[in-house]
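This report describes the arrangement of chains, domains and strands in the structure shown below.

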Amino acid sequence: MAQRNDDSPLSPAARNLDAPAGGLASFPPSDRWSDWEEYDPAEWPRKVGRHYTLVPTICFNCEAGCGLLAYVDRESMRIRKFEGNPLHPGSRGRNCAKGPATINQVNDPERILYPMRRAGRRGEGRWERVTWDAALDDIAGRIRRALVEDRRNEIVYHVGRPGHELVYNQRVLHAWGIDGHNSHTNVCSAGARTGYAFWHGADRPSPDHANARFILLLSSHLEAGHYFNPHAQRIIEAKARGAKVCVIDTRLSNTASKADYWLSTWPGSEAAVLLAICRLVLESGAYDREFVRRWVNWEEYLRAEHPDKAPTFESFERVLRELYAEYTPEFAARESGCDAATIVEVAREVGRAGSALATHVWRNAAAGNLGGWQVARALEFLAVLMGAIGAPGGTGVGIANKFIPAPPLMPPGPKAWNELMWPREFPLAFFEMSFLLPHFLREGRGKLAMYFTRVYNPVWTNPDGMSWVETLSDERIVERHACLTPIWSETAWFADYVLPMGHASERHDLLSQETHAARWIGFRQPVLRAAMERAGRRFNSTWEAHREAGLGEVWEEDEFWIELSWRIDPDGALGIRKYFESPYRPGEKLTVDDLYGWMFEHSVPGLPEAAAKERLTPLQYMRKYGAFLVEDSVYNTHEKPLNDIEILESEVEEESGIVSRQGAALGVRIDDRYHVGFPTASRKLEFYSSTLKEWGWPEYSVPCYIRSHVHRSNIDRGRGEMLLLPTFRLPTLVHTRSGNAKWLTEISHSNPLWLHPEDARRLGVATGNLLRVTTEIGYFVDKVWVTESIRPGVIACSHHLGRWRLRADTGGERWSSALVDLNQVGPGQWRMRQRQGVEPFRSGDPDSERVWWHDAGVHQNLTFPVQPDPVSGQHCWHQKVTVARPGADDRYGDIFVDTNKSREIYRRWMAMTRPAPGPGGLRRPLWLARAYRPAPEAFYIR
Amino acid sequence: MRYGFVIDQDRCIGCHACTVACKEEHNVAVGVFRTWVKYIEKGEFPDVSRHFAVLRCNHCDNAPCVEICPTTALFRRPDGIVDFDNSRCIGCKSCMQACPYDALYIDPKSNTAAKCNYCAHRVETGLEPACVIVCPTQAIIPGDLDDPTSRISRTVTAQKVTARKPHKGTRPKLFYVGVDGDLLEPATLTSERAYVWSERRPDDDTYEVGASNGAAAIPGGARVVYDVAHPAPWGGKAALYLWTKSISAGALMVAAMLTTLLGVDDLTTNIVSPLAALIFTGLTSLILIADLKRPDRFYYLLTKPNFSSWLVWGCYILMAYSAAATAWLGCAIFILRVPTMLAVISAVLGIATAGYTAFLFAQAKGRELWQSSLFLWHLIVQALIAGSALLMIVGIIIGAASISYLAAMLAASIVLGFAMVLGELYLPAISEDVRRAAELITGGALSRRFWGLSTIVGVVIPLALLWIASAETGTDGAILRVIAALAALGGLAAFESIWIEAGQAVPLS
């Protein structure tokens, strides 16, 4: 069968790469991947053949985990290009602009190839080359001492894009016995995760876009986000089939521009709009009564909150209608500024779609607003009402579409709880309170003996970056800081060690993302090593292959953690080493082949059989194809019946129907049938959260609309106040990871302030003029982009740009960073001024002299105070600002910050929290998921 | 077999993956693009929309770039792909003027022209182009338009498709589904000096053509929010070339008229004219070569000629004209007279030298201003202005007798030339592009140069001085006439540069 020229999309992934008769094929047939000849386009039209070995790997730019196929020249052993991997079930051979741009990152003349050690004061910018041995010994020694002296909470690993997306880094930190994982999630998706988790325990949705009839997005998945490329493919497929799309987003994103309905809501009003749609669905009776009756915990709700009412579904329906009566379309229109008639029309579309309603919010409103987590909860409420949860074309539960192969010998959760990440003030925070770390440390809540940053740039990415600079500069509270990074960053500048780790094509990882209604795994591998091993070479470690390929001393993290763990516990006395020994060769050091080979042999159903068919070992199979589809068409997993043995061995709680064995819930009884249900306390979808009530938030026990900190009533436009929407992505960039991709930077390098013409007239500015935007802790000066694509009263600024460096020739990507002066002008008062923008520079890449742009953008995040949501812990990104014409001394890119004020605002938001302990002296509800979950006893405050 | 593309803008999400995948496949340098995505916005909040178009080579069946390319570096393959061989390219940039779609650029690595070649090197191994396979939404459909069963043929047959500028007669093989019409009408769009997330290069579209007074006044009118730069390929050297060529062509045209019609037989006609023709033809050739991005390959014009290109014919004409001038000079020196037949032949070659550019510019299909039907005649008149002005200056210096004839010819040709200018700029425009270009000259950014230099200095002052000088005798008259001739030459130079700039000011994409 032809895989193209066939009007239907590739699904789930190409099984046959043949060209249609007389036509062209999309990809070389996989049986010729080991030696594929292609004409050299540089020599064309002279036909000069080149031989490549095609090695699959996984993109490392966003979290989608799309497949790549590296073309490695068999002669020179250099990577010629990256195409898509047609056998990858999520991305199906296709990529966004960031996929092919991987080659820029690999060939970046600015990348770091050797480990460096700070030579002067921290942050002074003097570096010397150091051996890996010296760095590893020093770091291992410090960790060992901290463990032996029981200072285990002084070791923190802070990660942005994990790489080890699944449990493999948890394995490392738990082997050390520490609760040391710190992520970026609370500046990112924690708001949405919280909203989802309170419904169904799992923290992600998995919309089945391809089969949807109506797609409701509070996101921009046709241009960005997780999972941009896999989702965009499927959304457009659905559209082509006739599905309608509605996008709720304040600014006109590319996604909104492709939608049938665009609701430009006043930021923070989204839950009001969604609940109005819910109300319309309830009033009209268009909801799925049977699904709601069976799967929503309405009985628990009536028992707890309406004991006077009849415990029947009909009475729940009446209560529901009363509860949401206030959310009229007119109310939603008043709050959001959107047209009430459009809201009604969208509700009609939802009703027509039935259970084929695919919905998604990930960051957007959920990450911008106080109470943003209720936006996700309101959106999921709609999906629940329509019976869309887990349905074909509906909105699945993330975990149903993810597969996590178990590694050999998983260590138990540690008996430690690190309050630097999981403080008592935020018992329900969905992830670590990472962005508050500087404040915690400076308040005296602890110190760090060893701090790792990995693909994470908190100085730049997090709000209040100057507090990070102050904290990271203080060697008393951050004793050692190692930055694991392939490139310079604002944060690496304040490290003691800068340790070069591999890019996408230079490391091992195992991934599984909920891109659609299936389960798959993808295998990231170091392609040069794989190519050389195909050619018969053997390497003990990836860095040896890299050294041979001319990649300096670039390591991969798997081997880094294994090596570090051996040095922490050389004789095995601490009980750590055993986790880093080969399952095949007892007592010997674990290799990546051991680790992944073991998992592919033991933990992936169907893979050993598929490999055997091709006379390959499972590891060889994954090295050859790079991905494996574990299960296709995964729907309605909550309906899965419990088997008889499970039922026999279990207890069933009469009132709730919860089935449990030895205290662990297994499923739920509904209408005398037993199902696995959802991973919530009730095993049902929790319209009513007893947890929220018990943990001090009774007013939020059901989905409702929380007025944001940037509600209209808080913004006085007459006084020059506006709402700054500082979080939107561009299709070509990804945070601070893409500044080294010249082809991406050339397309996007400015982040002007989007300003509606009405506001531009009021302020007397035109496109290109400057404005000073003042926050509660400082200000920044940026240029204006006058546009109809933003709501009046709101200014918007993309968060990708504004990179800076302090030295002309090092410390930042010259493709994309401005050279700045950073001066402390008073205690806690910092001033940054651009000395020059991007300029052409001389390097090994002649393109660096062809750089034609000068703009590096403006770094707005420095001027934002921390604004933690008291429930989800999410940083609430939206800012109330004062916008004015610049002063005489103001220049483009100027930034001023007062960290004294940062601390003031921090304390103001901390005062909104309702700290643990909760019921039973718990730090956190036991049922609620937690990253890197410690042992149960750690959950109790002693 | 005819390979073509359908680009389905209903599916396109404007993500730039095709742009970057193409850059990767062909290692395209920073600053230039084989394929790119243009964004426009229309309407007012909240009824505002954004639209994308993927722009690139249209692989025209009747490709003007192939026709104009002097060295057959560009060619149409039997399978319909318009491909190129950069080892044959001399970097004359005429293809960039011929293409109405802005598809070509000069590759800074080789200083030769390049563009989308449909990944011909992949097609030959049976693979789709790089942009096709990367596209997340499968918006780019490649295939054989001659095969009625191919997906592309079925799409073109069954769906409403649009092509860019079909009136150009290029027979493009790139068809759009669902494209917003404004995206294909670049001249009607407004823009700012910046884009939504990028700078705009200072050398890109230096003039706001029509935007300042046209569509910008319409609230919510279509405006460009992202595009890539397409700097004008030709600059001062091209204008200078037109100018020196006018002098060169005019020298023998004027001399031939003087000798054959008026019986003048003096140092000016015999020696100065052929010398001037030779010197200025030589200068013209040198400027031409200097304007090549690969001057080292100038001889490819002779060794790898494309006989459909007027650049090649121009080269032969310049050589023939130089031969005639040499013969003229030889006759004047060795047989002390110029045979009438030689004078006639020289005059015809002079007309050809002046006029071939009109045919070359007509092959520059992208530039509508240059398609003017008066252009050929205007070039000949320009040569008469330049020739008579130069000969008069030299004639006055060496004390020739035919000055009054030359003055009269100069005055007459200036009047005639100005009439043609007015005709080119004020007669009803054949297209919107021409109207905008003309407006740029008469009332836009080029108007000060046009009215000040080209018209006052180049027309009014010389005519006035020649009129005054006609009543003067002796030194004063001579000085006035020299100034008039210099002014006329200066004005002509100004006009050439205005013509070159205005012709390229209307955006093609």
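## Domains of chain B

In this predicted model, a distance of 37 Å separates the C-alpha centres of domain 1 of chain B and domain 2 of chain B. The domain assignment places domain 1 at residues 3–226 and domain 2 at residues 236–505 of chain B. Each domain gives 27 residues to the contact between them. On the side of domain 1 of chain B that touches domain 2 of chain B, α2 (64–68) and α3 (94–98) of chain B supply at least two residues each. That side of domain 1 of chain B consists of 14 nonpolar, nine polar and four charged residues.

## Chain B as a whole

Chain B contains 16 helices and eleven strands. Its radius of gyration is 26 Å, close to the 23 Å given by the globule rule for 509 residues, so chain B is as compact as a globular protein of that length. The C-alpha trace of chain B spans about 80 × 50 × 35 Å along its principal axes. Buried residues make up 59% of the 509 in chain B. Among the contacts in chain B with a separation of 6 or more, 73% are between residues 24 or more positions apart.

## The interface with chain A

In the contact between the two chains, 56 residues of chain B meet 67 residues of chain A. Several elements of chain B give two or more residues to this side, among them α1 (17–26), β2 (35–44), β3 (47–56) and β8 (140–144). The helices α4 (120–123) and α5 (130–134) of chain B also belong to this group. Helix α1(B) has the largest share of the side of chain B that touches chain A, with eight residues. By residue class, the side of chain B that touches chain A divides into 22 nonpolar, 17 polar and 17 charged residues.

## Strand pairings

Chain B has an open sheet of four strands in the order β8-β1-β10-β9, and its pairing is mixed. Its edge strands, β8 and β9 (161–162) of chain B, each pair on one side only. Strand β1 (residues 3–8) of chain B runs antiparallel to β8(B) and is joined to it by five bridges. Within this pair, B:V6 has B:I141 of β8(B) as its bridge partner. Strand β8(B) is also one of the elements that give two or more residues to the side touching chain A.

In chain A, strand β11 (residues 244–248) is mostly covered, with four of its five residues buried. Strand β11(A) pairs in the parallel sense with strand β10 (residues 214–218) of chain A, over four bridges. The bridge partner of A:F214 in β11(A) is A:K244. Together with helix α5 (residues 228–241) of chain A, β10(A) and β11(A) form a right-handed β-α-β unit. Strand β11(A) also runs parallel to strand β12 (residues 261–263) of chain A, and three bridges join them. There, A:V247 stands opposite A:W262 of β12(A).

| Strand pair | Sense | Bridges |
|---|---|---|
| β1(B) and β8(B) | antiparallel | five bridges |
| β10(A) and β11(A) | parallel | four bridges |
| β11(A) and β12(A) | parallel | three bridges |

Technical notes:
Residues are numbered from 1 along each chain as its sequence is written. Chains are lettered from A and ligands numbered from 1 in the order in which they are written. This is a predicted model: local features need pLDDT of at least 70, side-chain atom pairs count only at pLDDT 80 or more; totals for chains, interfaces and linings use all residues. Domain bounds come from an automatic or database domain assignment. Two residues are in contact if their C-beta atoms, placed from the backbone, lie within 7 Å. Ala, Val, Leu, Ile, Met, Phe, Trp, Tyr, Cys and Pro count as nonpolar, Asp, Glu, Lys and Arg as charged, and the others, Gly among them, as polar. The radius of gyration is taken over C-alpha atoms; the globule rule is 2.2 Å times the number of residues to the power 0.38. A residue is buried if 20 or more other C-beta atoms lie within 10 Å of its own, exposed if 12 or fewer, and partly exposed in between; C-beta atoms are placed from the backbone. Two strands pair if DSSP finds at least two bridges between them. A crossover is right-handed if, with the strands pointing away from the viewer, the path from the first strand over the helix to the second runs clockwise.
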